[in-house]
Amino acid sequence: MAGNVVDTLTDPGFLIALLVSIAVFATIFTIIPIGGGDTLRARMKAVALERDELRAKQRARLAAEADRRRRTGLRQDDAAHIRSIVDRLDLRRALADEATASKLRNAGFRGDRPLTKFLFFRLVLPFAGLALGAFYVFVLDALPGQPLVIRLFICILAAYAGFYAPVLYVSNKATRRKQSIQNAWPDALDLLLICVESGISVEAAFRRVADEIGTQSIALAEEFVLTTAELSFLQERRQAYENLASRTGVEAVKSVTQALIQAERYGTPVGQALRVLANESRDQRMNEAEKKAAALPPKLTVPMILFFLPVLFAVILGPAGIQLTQNGVMN
């Protein structure tokens with residue numbers, strides 16, 4: 001019996017049949033995964049449960065923050081009082097227009113609340129300036145001997161300065177913000193070009209560049225993050241690019257957004273357009289630096305005449321004057 005088993009196992013025909021059977025079974029097992037549908041369904045169910053859990057946590061966090069704001073909402077109450085005053089006096093129609101809203105966006109003040117505060121300060125600061133001017137002129141008697149007309153003119157001038165102080169503040173902040181964006185824009189455009197040519201989508205490229213460019217320009221990083229959110233949620237991507245151009249107010253950014261809009265509409269390659277615009281932005285920044293360097297000598301003329309030349313003349317003519325004085329004393 002044992003000899004028959006050994007003969008059977010050593011038979012070449014039996015070994016060939018056994019190997020063929022094992023190969024066929026392995027092939028079938030590889031091509032047709034057993035229980036694959038059930039595994040995929042279980043994995044999709046686990047992902048859905050995790051997504052629902054994250055969504056529930058996010059909603060709970062937002063609800064807790066909203067409840068905390070309602071319980072300790074001193075700033076919200078102040079904003080509500082300011083809004084009621086602005087709405088009661090209808091200051092939006094009298095003092096605000098589209099240019100004012102655009103200037104606030106360029107300065108980094110987004111939403112309805114900054115506009116309300118801007119109008120409120122334009123209402124309050126003239127009276128504060130008038131009160132300070134009257135206190136300075138009449139109470140402290142800072143202009144003794146001046147006629148009453150001059151004193152009243154000083155008070156009116158102080159009120160006028162208070163009326164335009166918010167405008168000057170917003171304008172200066174918008175100018176500084178534009179300058180920051182303009183200085184960092186060529187580097188951001190180079191990073192955006194690298195991300196796009198490496199195969200990353202435009203949304204992910206904006207997000208990645210925002211993380212990298214934040215150390216150089218916080219304003220530009222904020223705009224990129226906001227653009228990423230708008231690209232994800234707005235129905236038309238063109239609107240997100242137009243919003244980026246209107247918020248920044250920089251011509252270089254407008255050129256890039258127009259190129260991105262055309263690429264989205266006609267399907268043109270984005271990398272080539274970004275490469276050309278990056279070179280133009282870099283050349284423009286170099287031209288601005290050369291322009292400032294060329295304007296430096298005329299600006300230094302007046303300080304040199306007022307401060308350097310008198311000292312130079314004193315150093316050169318001082319010893320001669322001392323010798324002449326000593327010779328005159330000796331004679």
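How many residues does α9 have, and how far does α9 reach from its first C-alpha to its last? Helix α9 has 12 residues and reaches 16 Å between those two atoms, close to the 16 Å expected at 1.5 Å a residue, where the expected span is 1.5 Å times one less than the number of residues in the helix. The model described here is predicted, so local features need pLDDT of at least 70 and side-chain atom pairs count only at pLDDT 80 or more, while totals for chains, interfaces and linings use all residues. Residues are numbered from 1 along each chain as its sequence is written, and side-chain values use heavy atoms, with hydrogens and water left out.

**The chain as a whole**

- The chain has 14 helices and 0 strands, helices being DSSP runs of H or I with at least four residues and strands DSSP runs of E with at least two, numbered from the N terminus.
- Buried residues make up 24% of the 331 residues in the chain, where buried means under 20% relative accessible area, exposed means over 50% and partly exposed lies in between, with a 1.4 Å probe and protein chains only.
- Among contacts between residues at least 6 apart in sequence, 61% join residues at least 24 apart, a contact being heavy atoms within 4.5 Å.

**Helix α9 and its surroundings**

- The buried residues in α9 are Val202, Glu203, Ala205, Phe206, Val209, Ala210 and Ile213. Seen down the axis of α9, these residues fall within an arc of 160 degrees, so they line one face of the helix; the arc is that of the directions from the helix axis to the C-beta atoms.
- Glu212 forms a salt bridge with Arg208, with the closest N and O atoms 3.5 Å apart, a salt bridge being a side-chain nitrogen of Lys or Arg within 4 Å of a carboxyl oxygen of Asp or Glu. The two residues are 4 apart in helix α9, which covers residues 202-213, and are therefore separated by about one helical turn.
- Both partners of this pair are partly exposed, Glu212 at 41% relative accessibility and Arg208 with a relative accessible area of 46%.
- An α-helix has 3.6 residues a turn, so residues three or four places apart point the same way.

- A search of the whole structure finds 16 salt bridges.
- The side chains of Glu223 and Arg177 meet in one of them, at 2.5 Å from N to O. Glu223 lies in helix α10 (residues 218-233) and Arg177 in helix α8 (residues 148-197), so the pair ties together parts that are 46 residues apart in sequence.
- Glu223 also meets the side chain of Arg247 in a salt bridge, again given as 2.5 Å from N to O. Because Arg247 lies in helix α11 (residues 237-248) and Glu223 in helix α10, this pair ties together parts that are 24 residues apart in sequence.
- Arg110, Arg177, Glu223, Glu230 and Arg247 are linked in a network of salt bridges.

**Single residues and their contacts**

- Asn243 lies in helix α11 and is buried, with a relative accessible area of 19%; leaving out residues up to four places away in sequence, Asn243 touches Glu230 and Leu234.
- Ser217 is found in the loop between α9 and α10 and counts as buried at 1% relative accessibility. Apart from neighbours within four places in sequence, Ser217 is in contact with Ser180, Ile181 and Ala184.
- Val225 lies in helix α10 and counts as partly exposed at 34% relative accessibility. Val225 and Ala210 are 15 residues apart in sequence and 6.3 Å apart in space, C-alpha to C-alpha, and, not counting residues up to four places away in sequence, Val225 touches Arg207 and Ala210.
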